[in-house]
Amino acid sequence: MKSGVGGGTEQAKKGQAGTAGIQERKLRHIEACLRPDSQYAGVTTGLERVAWPYRALPGLNLDDVQLQTTLLGRTLSAPVLIGAMTGGAERAAQINRNLAVAAQRLGVGMMLGSQRVMLEHPAAAASFGVRGVAPDILLIGNLGAAQFLPTQTRGAYGTAEAARAVQAVGADALAIHVNPLQEALQAGGDTGWAGMAARLTELVPELDFPVVLKEVGHGLDAATLRAVGGAGFAAFDVAGAGGTSWARVEQLVHHGRVITPDLCELGTPTAQAIREARHAAPHTPLIASGGIRTGLDAARALSLGATAVAVARPLLEPALESADAVEAWLRQFIHELRVALFVAGFASVAAARGE
């Protein structure tokens, strides 16, 4: 009896230590993302080179511009998602709550940060629980593709883990993120990616909710989308290069500086990624993310074929402050998007996309 109690106590201590370690790492990620050198240094999104029309007689009123759009079966008041950021720590819980409250107020969507920490350390689950403050939003869960292949130290996730990630937070869909460059430059990262396309093609049809394939900021390319063309993904989040480089973030976390700047500049720029995705998967909805900073960026992304855009890094500092600060930033962003469509003579998001 004594031995059993002692063993249970020891296991609990290890679990608590593991949770504490995860929380510390998540906080370091937040701190790294706030640093200017977490951003691409030489690569831009390419959106600044997308010409935008200006009509001196736009033929409509600013208030007549319709921003409503549909994504994954849900209606958004504007083609905007709050992009995946964080989870697993108390500070992350504050961030996610503020983001979710703002999303609920504005009628836009939200994607959670990676939920692996929640599945492996149940104590971290509360940091992802935003449905209580955002009952009506399009909410997308998030797991890493690397978790769905076995390694020498752990087994592979399957449909059960994917379902848990969605059901535990009341999500409408699941994003599976692919991030080989980040993993390769991360201490102890998952670098076994052989067979990943086949595994995803096998997994996705077995899930009874929409699944989004996303990068984390280094871009989806046409070859990748063709490799999973038969999987049945409900949308692709191209997450192109030009904004936050998660390769840089990992090196800032583990070394305090960027030690391989050339490798950290690799990736497919956002504008190019949208074009390649539109060509490779012409009938699949696209989410444009990766360095989206202004409403004009969003408008240009829509004109290239994106269904919606996702914004993450610009919302991190406001989310550390309050839901009101997040809402204020998003309202300005959405206003900029409306003005961009107005002066181009586009009465709707569909018109901007050439539909």
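Helices (H or I, at least four residues) and strands (E, at least two) are taken here as DSSP runs, numbered from the N terminus. The structure is a predicted model, in which local features need pLDDT of at least 70 and side-chain atom pairs count only at pLDDT 80 or more, while totals for chains, interfaces and linings use all residues. Residues are numbered from 1 along each chain as its sequence is written, and side-chain values use heavy atoms, with hydrogens and water left out.

Most residues other than glycine have a negative phi. Leu72, in the loop between strand 1 (69-71) and strand 2 (74-76), has a positive phi near 55 degrees.

With a relative accessible area of 0%, Phe128 is buried. Leaving aside residues up to four places away in sequence, Phe128 touches (heavy atoms within 4.5 Å) Thr86, Gly87, Gly88, Asn96, Leu112, Gly113, Ser114, Gln115, Val117, Met118 and Val169. The C-alpha atoms of Phe128 and Ala352, 224 residues apart along the chain, are separated by 34 Å.

Turning to the helices, helix 2 (residues 90-106) packs with helix 12 (residues 323-344) at an angle of about 50 degrees, and their axes, fitted to C-alpha atoms over the stretch in contact, are 8 Å apart (angles run from 0 to 180 degrees between N-to-C directions). On the helix 2 side, Asn98, Leu99, Val101, Ala102, Arg105 and Leu106 meet Ala323, Asp324, Val326, Glu327, Leu330 and Arg331 of helix 12.

Helix 9 (residues 270-280) has Thr270, Ala271, Ala273, Ile274, Ala277 and Arg278 as its buried residues. These cover an arc of only 160 degrees around the axis (taken from the directions from the helix axis to the C-beta atoms), which puts them on the same side of helix 9. The buried residues of helix 9 pack against helix 7 (222-227), strand 9 (286-288) and helix 10 (295-303).

Conventions: Buried < 20%, exposed > 50% of the residue type's maximum accessible area, 1.4 Å probe, protein only.
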